[in-house]
Amino acid sequence: MTPQQIDYHLEDFTESGYRDILQLAKSKYRFERFGTSELEPHLLWRHDVDFSPHRALRMAEIEAEEGVRSTYFVLLHSEFYNSLEAEAVKRFRTISDLGHDIGLHFDASFHAPFADQLALEDALVFEKSIVERVFGGEVGVFSFHNPEIGGALSFDADTLGGMINAYGRDLKAKYGYCSDSDGYWRFKRLSKFLEGGETYGQVLTHPEWWTPSPMLPRERVQRAIDGRAKATGDWYDDLLLRLGRHNAR
Ligand SMILES: [Zn+2]
């Protein structure tokens, strides 16, 4: 299909669209944490935070207003944000305070190649310890970032490095899966997935794809880049103001 033939359902990817989809999900499923032993129909609702802790917090607020909990996966190697800077840490801590779980979004390609599973687990334990130290609380689950890259998906044990693997064999076998990767519904529209009668589902969203009003996917990426760039410039201007220095321009 050419891009012109794809219906991107841009209207889905807004804050109000997000609230609608949560309400649909709530009407059909319980929201459970990774590691649940619940037998009733339920969802594992997950966010891989690739680009924007700011968008992540906004989604976490909407979820808290709707009375559901999910898991936010922190990426230590993002090209778009620094997970250790104060503004990002503050947002992830607020997300945790809202009742959501924090997981590790693991970029295997940063550490690859791995001689064996032990080498992978060594890297996982290292990053788990950073996230726990910075954000507080135990990290019990991880997901691979860009799982097609770096051979990550060949490691499909249910737990690795003392964490549940979101792409583990058991989870994959038991749970239906729906993702918003690339900012549109590559496989199935989420509303259709929720109405499709799966007993258990794992839903993956990336917060940066959900904006106040409809935008094309690449525009949403640029929104995150521009927002970040402006905030960095504002931070610098504010610093010089506070220090009483000249900000020659
Ligand atoms: Zn990712």
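**Ground rules.** I number residues from 1 along each chain as its sequence is written. In this predicted model, local features need pLDDT of at least 70, side-chain atom pairs count only at pLDDT 80 or more, and totals for chains, interfaces and linings use all residues.

**Helix α2.** I took helices as DSSP runs of H or I, at least four residues, and strands as runs of E, at least two, numbered from the N terminus. α2 has 14 residues and reaches 20 Å from its first C-alpha to its last, close to the 20 Å expected at 1.5 Å a residue (1.5 Å times one less than the number of residues). I then looked up its buried residues (20 or more other C-beta atoms within 10 Å of a residue's own; exposed is 12 or fewer, partly exposed in between; C-beta atoms placed from the backbone). They are Pro53, Arg55, Ala56, Leu57, Met59, Ala60 and Glu63. Their cover includes α1, β2 (42-49), β3 (71-75) and α3 (86-97), with contact meaning C-beta atoms, placed from the backbone, within 7 Å. Gly67 follows α2 and has a positive phi, near 75 degrees.

**Trp185.** I found Trp185 in the loop between β8 (176-179) and α7 (190-194). Trp185 counts as buried because it has 21 C-beta neighbours inside 10 Å. Leaving out residues up to four places away in sequence, Trp185 touches His9, Asp180 and Leu190. I also checked Ser16: Trp185 and Ser16 are 169 residues apart in sequence and 17 Å apart in space, C-alpha to C-alpha.

Notes
Two residues are in contact if their C-beta atoms, placed from the backbone, lie within 7 Å.
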